[in-house]
Amino acid sequence: MDDSDTTSGHVESPAGRPTGGVYDWYRRGLDLLGSGDVAAAAQILSHAHEAEPTSKSIREALARAQFNSRRYSDSAETFAALVEQDPSDDYAQFGLGLALSRLGDHHAAAPHLAMAAAMQPSARHYAQALRQVRATLQARGGPA
């Protein structure tokens, strides 16, 4: 058996890390994310994040890959770190709110979605996600 994995669009070294450097991992992760291979994207972007834990762009790409591969808890955690790093990042607020709503925590999701919608009033998808969460809360008899 070979020590490399070429089925997911990247090659791993014998140590289990992708070949190339952090920027290569990031670019390959974005390419995989763009082509819909979200699980492979999350895997390679995790390696990039381990190597560069403070990189906002790597962390955002990782959060997107986690979300798109339905790893909502991981995505919420990664988006939360982005929000902590920069509370004025509307996309991070939106991603955190959306991940929390997918986890069923609509009460926690609503303020993040409201913040994102307030920061970018022209982003229709922000407002739509907020309306859906508020409607869910209202339907469950809670405050929207």
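Asp74 and Arg71 join their side chains in a salt bridge, with N and O 3.0 Å apart; the term covers a side-chain nitrogen of Lys or Arg within 4 Å of a carboxyl oxygen of Asp or Glu. The model is a predicted one, with local features needing pLDDT of at least 70 and side-chain atom pairs counted only at pLDDT 80 or more, while totals for chains, interfaces and linings use all residues. Residues are numbered from 1 along each chain as its sequence is written, and side-chain values use heavy atoms, leaving out hydrogens and water. Asp74 is partly exposed at 31% relative accessibility, and Arg71 is partly exposed at 33% (buried is under 20% relative accessible area, exposed over 50%, partly exposed in between, with a 1.4 Å probe and protein chains only).

The structure holds 2 salt bridges. Lys56 pairs with Asp89, their closest N and O atoms lying 3.2 Å apart. Lys56 sits in helix H3 (residues 56–68) and Asp89 in the loop between helix H4 (72–85) and helix H5 (90–102), so this pair ties together parts 33 residues apart in sequence. Helices here are DSSP runs of H or I with at least four residues, numbered from the N terminus. Asp89 is buried at 7%, whereas Lys56 is partly exposed at 36%.

Then there is the nonpolar core (buried Ala, Val, Leu, Ile, Met, Phe, Trp, Tyr and Cys residues joined through side-chain atoms within 4.5 Å). The largest has 24 residues, and those touching the most other members are Phe79, Phe94, Leu96, Leu113, Tyr126 and Val133. H5 gives the most to this core, with 6 residues. A second, separate core of 15 residues includes Trp25 and Leu32.

Technical notes. Helix = DSSP H or I, 4+ residues; strand = E, 2+ residues; numbered from the N terminus.
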